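Please consult the sequence and the structure shown here while reading this report.

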Amino acid sequence: MKSDIRVCSAWRERHDRPVYSLSSECPDCGGETENSAPAPFDPEDRYGEYRRALRKRQS
Ligand SMILES: [Zn+2]
């Protein structure tokens, strides 16, 4: 599924952190936004969640 969340293309220069928006304009600086890549999926994190779920079930 494609994400419509966009991020200010110049946030590294203009903002302290990524500025996300659903429009093609940054709400903060009025600059252009670009499609943000989906958050990378960390497999280790997934296993951590699996372990936590297991532990929860056993206790
Ligand atoms: Zn901006």
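## Model and confidence

The structure is a predicted model. Mean pLDDT for the chain is 82, and 69% of the residues reach 70 or more. Confidence is highest in helix H1 (residues 11-14), at a mean of 96, and lowest in helix H2 (residues 43-58), at 71. Where pLDDT is low, the predicted coordinates should not be read in detail.

## Overall fold

The chain contains two helices and three strands.

The chain has 59 residues, of which 5% count as buried. Among contacts between residues at least 6 apart in sequence, 27% join residues at least 24 apart.

## The sheet

The three strands form an open sheet in the order E2-E1-E3, and their pairing is antiparallel. Strand E2 (20-21) and strand E3 (33-35) stand at the edges; each has a single partner strand, so one side of each lacks a neighbour in the sheet. In general, the strands of a sheet pair through backbone hydrogen bonds, either parallel or antiparallel.

Strand E1 spans residues 6-8 and pairs with E3 in the antiparallel sense over three bridges. Within this part of the sheet, valine 7 stands opposite glutamate 34 of E3.

## Cysteine 26, a loop residue

Cysteine 26 is located in the loop between E2 and E3. Is this residue buried or exposed? Cysteine 26 is buried, because 22 other C-beta atoms lie within 10 Å and the cut-off for burial is 20 or more.

Leaving aside residues up to four places away in sequence, cysteine 26 touches Cys8, Val19, Ser21, Gly31 and Thr33. Cysteine 26 and alanine 10 are separated by 16 residues in sequence, and their C-alpha atoms are 9.2 Å apart in space.

Asparagine 35 is exposed, because it has 12 other C-beta atoms within 10 Å and a residue with 12 or fewer counts as exposed.

Between asparagine 35 and tyrosine 20 the separation is 15 residues in sequence and 9.5 Å in space, taken from C-alpha to C-alpha.

Technical notes
Residues numbered from 1 in each chain as written. Predicted model: local features only at pLDDT ≥ 70, side-chain atom pairs only at ≥ 80, totals over all residues. Pairing = 2+ DSSP bridges. Helix = DSSP H or I, 4+ residues; strand = E, 2+ residues; numbered from the N terminus. Contact = placed C-beta atoms within 7 Å. pLDDT = per-residue confidence, 0-100.
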